[in-house]
Each structure stands twice: as structure tokens, then as C-alpha cells.
Amino acid sequence: MTARLTLVSHHLCPYVQRAAIALAEKGVPFERLNVDLSSKPDWFKAISPLSKVPLLRVRHVGKEEVIFESAVILEFLEDTEANPMHPADPLMRARHRAWIEFGSAILNAIGHFYSAADEAAFSNESKALSQMFARVEAELSARQNGPWFAGDRFSLVDAVYGPIFRYFDTFDRIGDFGILDGKPLVLAWREALSKRQSVKEAVGADYPRRLHAFLRAKGSYLSEIIRLQAIETPQARSA
């Protein structure tokens, strides 16, 4: 499809990242436009029915269409662009779509984790996340050997889980929460995804700083861990 594409984005949004990864993997040129979601411009509210990112603005033969919701954007790119990322087999394609949905559920659980108000809730959310990744570990163990979800072929499932694992790069710098412990296949997948060019380039260089600042400002139990860490670190250096 010959069209001009603009991915309306936010610096931290993992759903934006999965679309950016898919576009990069398919070799599709696109513009990227970041929006301040704390002060949404009128033009954005006018074209985003859910007031969320990502949006894909598609300009084709003099007209513009706006596609919203990341899963729909991914499917649109599969329908219109070369280099398919879904399996050809309908049953496996459905399986992949199901694990993409599971990835969205993990993102919701990550939100509950970093928003937990107290230690008890934080512990419960940590255990819930660990159990979800245990299901991923079991799925990976049943698949063929290879660095990616489907073995040697990078798929849309990989595009979805790359942004998920990126959270843990920051979580690991804050503390050892043990969520991925005892899951060697998940850890190997995370490592492979961290080295993939499309995954690395789906965020800006300032992403770690922005995410750390966002987590610190949440007013959650994790925020308090970050605050105490900041107080203790200078003391440790002066000891």
C-alpha cells in the first residue's frame, strides 16, 4: 500500500512501541508525532475516539483515515504491507493473536504492580505477575527452539513482548522483585528482544529517565522504594 503514515505517539506508551516495532520490521517509512497526554491538544481529541495513543494517520489518494487501538493497527499493517509477521497457518495465527492479548493483560498487571499503594498490595501484584510469566514460560517450553516466540521467525508476538520486558530494565535498577526468577526461557527471550534493532529504536534515548520519573511520581509503594533509594545512595557513596 502506498500511503503516508504518521504514528501518533507518547514517549512511554508500550502500545505505541509495538506499532513502531512492526513498522520497522516491515520496512515501512513513517513519521512519529508525540502527544502530551496530560494536556491533550484539541486536534488529538477530535480524531481519537478513546483519547488514547497510538493512532495511525493514513493519508492515501488525497484522503486521511485514522486507525486507533494498537491491535487494529497491527492487523492493518499485516493486511496492507509486505513482510508478514503472523504465521500463515490459521490455527497458529489465532494462537499468536491470543498471546498478543495475554501480553496486553500483562501490561495491565504491570500497571497494577507499579501503582500498588502499600506493601501487601505490592507483594500480591508481584506474585500475580510472576504467575503470568510462568504461563509464558510454559508456552515457550512447548515451542520449537529459537530466539523468538515462534522459533527462528520474529513475529507480532515478539513486537508486543519487547515493550513489556523493557519495563524490567528499569524495575531491575530499583530492586530485586523476583518476578522473572526461575524462568530461563522467558529470560532468554527478554535478552534476545533487548538486542533487536527495531525493539531498541522503538523508544527515545531518554526513555529510562522518563520512565523512572513517571514511576517516582506515582505516589505508590514502588515510588516510596525509589525515593528511599535516592536518599540512601548518596549516603552509601560517602561511607
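A crossing is left-handed if the near helix is turned anticlockwise from the far one by less than a right angle, and right-handed if clockwise. The model is predicted: local features need pLDDT of at least 70, side-chain atom pairs count only at pLDDT 80 or more, and totals for chains, interfaces and linings use all residues. Residues are numbered from 1 along each chain as its sequence is written, and side-chain values use heavy atoms, with hydrogens and water left out.

The crossing of helix 4 and helix 6 is left-handed. Their axes (lines fitted to C-alpha atoms over the stretch in contact, with angles from 0 to 180 degrees between N-to-C directions) come within 9 Å and cross at roughly 20°. Helix 4 and helix 6 are therefore roughly parallel (angles under 35 degrees). The contact (heavy atoms within 4.5 Å) includes Trp99 and Phe102 of helix 4 and Tyr161 and Phe168 of helix 6.

An open sheet has four strands in the order 2-1-3-4, with mixed pairing; strands pair if DSSP finds at least two bridges between them. Strand 2 and strand 4 stand at the edges, each with a single partner strand, so one side of each lacks a neighbour in the sheet. Strand 1 and strand 3 run antiparallel and are joined by five bridges, and Leu7 stands opposite Leu56 in strand 3. Helix 1 lies across strand 1 and strand 2, at about 155° to strand 1.

Helices (H or I, at least four residues) and strands (E, at least two) are DSSP runs, numbered from the N terminus.

| Element | Residues |
|---|---|
| Helix 1 | residues 14-25 |
| Helix 4 | residues 90-115 |
| Helix 6 | residues 156-174 |

How values were computed. Angles under 35 degrees count as roughly parallel, over 145 as roughly antiparallel, 65 to 115 as roughly perpendicular and the rest as oblique.
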